Amino acid sequence: QVQLKDSGGGLVQTGGSLRLSCVTPGYPFKTYGMGWFRQAPGREREFVASFTWNPDMTYYADSVKGRFIISKDNAKNTVYLQMNSLKPEDTAVYFCAAGTGSAHPGGYDYWGQGTQVTVSS
């Protein structure tokens, strides 16, 4: 059973930054593509960013392109989501996931518990 532990959320003002982390202990890190998704109250879970190992590519939702960066630390089995220039519409619970690295939630088998990000105006 793959367990993902995401963290790093919090309350930040518009224009601020946060860095989310997702630790993936206990399994070969390069087995899965990794993604970040978010879900706001009353809305469906939506894709934010992901990467695949082969090919070595990163992908972003249009709404976060140029502001968010997904990265990984192989030695620490950790995936990061650096979020800059945050906007109130970025407010949501953010989830990391392990799977294909696609933009679709159905492409992921394992999910973190979620971390709340709140951006005040």
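Reply: A contact means heavy atoms within 4.5 Å. Residues 24 or more positions apart account for 56% of the contacts in the protein with a separation of 6 or more. This is a predicted model, in which local features need pLDDT of at least 70 and side-chain atom pairs count only at pLDDT 80 or more, while totals for chains, interfaces and linings use all residues. Residues are numbered from 1 along each chain as its sequence is written, and side-chain values use heavy atoms, with hydrogens and water left out.

Me: What makes up the secondary structure, and how are its elements defined?

Reply: Helices (H or I, at least four residues) and strands (E, at least two) are DSSP runs, numbered from the N terminus. By this definition the protein has zero helices and 11 strands. Along the sequence the pattern reads β-β-β-β-β-β-β-β-β-β-β.

Me: Why does the radius of gyration agree with that of a compact globule?

Reply: The radius of gyration is taken over C-alpha atoms, and the globule rule is 2.2 Å times the number of residues to the power 0.38. For 121 residues a compact globule would have a value near 14 Å, and the protein has 13 Å, which agrees. The C-alpha trace spans about 40 × 25 × 25 Å along its principal axes.

Me: Why is Thr-52 called buried?

Reply: Buried means under 20% relative accessible area, exposed over 50%, and partly exposed in between (1.4 Å probe, protein chains only). Thr-52 has 12% relative accessibility and therefore counts as buried. Thr-52 lies in strand β5. Apart from neighbours within four places in sequence, Thr-52 is in contact with Met-57, Tyr-59, Thr-100 and Gly-101. Across the whole protein, buried residues make up 45% of the 121 residues.

Me: Is Met-57 buried, exposed or partly exposed, and what makes it so?

Reply: Met-57 has 38% relative accessibility, so Met-57 counts as partly exposed. Met-57 lies in strand β6 and touches Ser-50, Phe-51 and Thr-52, not counting residues up to four places away in sequence. The C-alpha atoms of Met-57 and Gly-101 are separated by 9.3 Å, although these residues are 44 residues apart along the chain.

Me: What makes a group of residues a nonpolar core, and which members touch the most others?

Reply: A nonpolar core is a set of buried Ala, Val, Leu, Ile, Met, Phe, Trp, Tyr and Cys residues joined through side-chain atoms within 4.5 Å. The largest such core has 32 residues, of which Leu-4, Trp-36, Val-48, Phe-68, Leu-81, Met-83 and Tyr-94 touch the most other members. Strands that each supply at least two residues of this core include β3 (18–23), β4 (33–39) and β5 (46–52). Strand β9 gives the most to this core, with five residues.

Me: How do you know that Cys-22 and Cys-96 form a disulfide?

Reply: A disulfide is a covalent bond between the sulfur atoms of two cysteines. The rule requires a pair of cysteine sulfur atoms within 2.5 Å. The sulfur atoms of Cys-22 and Cys-96 are 2.1 Å apart, so the pair meets the rule. This link joins distant parts of the chain, with Cys-22 in strand β3 and Cys-96 in strand β9, 74 residues apart. Both Cys-22 and Cys-96 are buried. The link is right-handed, with 55 degrees about the S-S bond, and by this rule the count comes to one disulfide.

Me: What makes two rings an aromatic pair, and how many pairs are there?

Reply: Rings of Phe, Tyr and Trp (its six-membered ring) pair if their centres lie within 6.5 Å; planes under 30 degrees apart count as stacked, over 60 as edge-to-face and the rest as tilted. A search of the whole structure finds seven aromatic pairs. Ring pairs link Phe-37, Phe-47, Phe-95, Tyr-108 and Trp-111 into a cluster.

Me: Why is Arg-45 said to lie over the face of Trp-111?

Reply: A charge sits over a ring if NZ of Lys or CZ of Arg is within 6 Å of the ring centre and within 35 degrees of the ring normal. Arg-45 lies over the face of Trp-111, at 4.7 Å from the ring centre, so the distance is within the 6 Å limit. Lys-72 likewise lies over the face of Phe-51, at 4.6 Å from the ring centre.
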